[in-house]
Amino acid sequence: MTMVGLFWITEDHVYVGAEPTGAAPGVRLGKDGVESLGTDQGAFWTWDAVRSLDVRDVAVRSPARRLLAIAGDWVDVLLTTHVDQPPSFTVVIGTAEGTVEANALTAARSGVHTTAEYDLSRTLLARLAAGTATVDPPLTWRRARRDTGAPSRAEGEELLRAWAGGGPVSAR
């Protein structure tokens, strides 16, 4: 599993936010469509039924402010041994029948994304809903990776740009 932008990529699925476990909320993007997961939000829409995909309530900071937030969280954990559930955000799924809001947990450290990650992820979600992008490139990329570590920020942004722009996705 690998985190890239707002996406958690496994060998079989792409999740908006963290891959949920148990009854935790989440949104899974698959070859056949979009699925909201978790208590009180289980539903599935084929890609033909999806008109729009977007996110709200995502914590976005500059890279420097993001590092400060991460450092602050580490200090809090070290001093208080207090660990919260990851922050959540809203995934907005537009269909012909209306708009559905689903919760997803962030997988980013400190729950904070950079502006570039956020913008590229939103572009990608719009392209997926429009049918001009698919989940195949990141799945192929993930399967080709030998390690399970997250790519560097630059590599992640390169992957998002390629995926959102329809270009080739290299499996570094």
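Student: How many residues lie between β5 and β6 in their hairpin, and which glycine in the turn has a positive phi?
Tutor: This is a predicted model, so the answer is read from predicted coordinates. Strand β5 covers residues 33-37 and strand β6 residues 43-46, and they pair in the antiparallel sense over four bridges. The two form a hairpin with five residues between them, and the turn residue with a positive phi, of about 110 degrees, is Gly-38.

Student: What is the bridge partner of Arg-28 in β5?
Tutor: Strand β4 (residues 26-29) runs antiparallel to β5, and four bridges join them. These two strands also form a hairpin, with three residues between them. In β5, Arg-28 has as its bridge partner Glu-35.

Student: Is Ser-36 buried or exposed, and what is its relative accessible area?
Tutor: Ser-36 lies in strand β5, and four of the five residues of β5 are buried. Beyond its neighbours in sequence, Ser-36 is in contact with Gly-26, Val-27, Gln-41, Gly-42, Ala-43, Trp-45 and Ala-102. The cut-off for buried is under 20%, and Ser-36 is therefore buried, with a relative accessible area of 2%.

Student: Why does Ala-49 not count as buried, and what is its relative accessible area?
Tutor: Ala-49 is found in the loop between β6 and β7. Outside the four places on either side in sequence, Ala-49 touches Gly-94, Thr-95 and Ala-96. Buried needs a value under 20%; Ala-49 is partly exposed because its relative accessible area is 24%.

Student: How far apart in space are Ala-49 and Ala-96, C-alpha to C-alpha?
Tutor: Ala-96 is one of the residues that Ala-49 touches. In sequence the two are 47 residues apart. From C-alpha to C-alpha, the distance is 6.7 Å.

Student: What span does α2 reach from its first C-alpha to its last?
Tutor: Among the buried residues of α2 are Leu-120, Ser-121, Leu-124, Leu-125 and Leu-128. An α-helix has 3.6 residues a turn, so residues three or four places apart point the same way. Just after α2, Gly-131 takes a positive phi of about 80 degrees. At 1.5 Å a residue, the expected span for the 16 residues of α2 is 22 Å, and the helix reaches a close value of 23 Å.

Student: Against which elements do the buried residues of α4 pack?
Tutor: Helix α4 (residues 153-165) reaches 18 Å, close to the 18 Å expected for its 13 residues. Its buried residues are Gly-156, Glu-157, Leu-159, Leu-160, Ala-162, Trp-163 and Ala-164. They pack against β1, β2, β3, β11, α2 and α3.

Student: Where in the protein chain is confidence lowest?
Tutor: The chain averages a pLDDT of 81, with 77% of the residues scoring at least 70. Confidence is highest in strand β7 (residues 50-56), at 96. Where pLDDT is low, the predicted coordinates should not be read in detail. The lowest mean, 47, belongs to residues 63-80, helix α1.

Student: What share of the residues in the protein chain count as buried?
Tutor: The chain has four helices and eleven strands. Among contacts between residues at least 6 apart in sequence, 61% join residues at least 24 apart. Of the 172 residues, the buried share is 43%.

Note on methods
Residues numbered from 1 in each chain as written. Predicted model: local features only at pLDDT ≥ 70, side-chain atom pairs only at ≥ 80, totals over all residues. Heavy atoms only, no water. pLDDT = per-residue confidence, 0-100. Buried < 20%, exposed > 50% of the residue type's maximum accessible area, 1.4 Å probe, protein only. Contact = heavy atoms within 4.5 Å. Expected span 1.5 Å × (residues − 1). Pairing = 2+ DSSP bridges.
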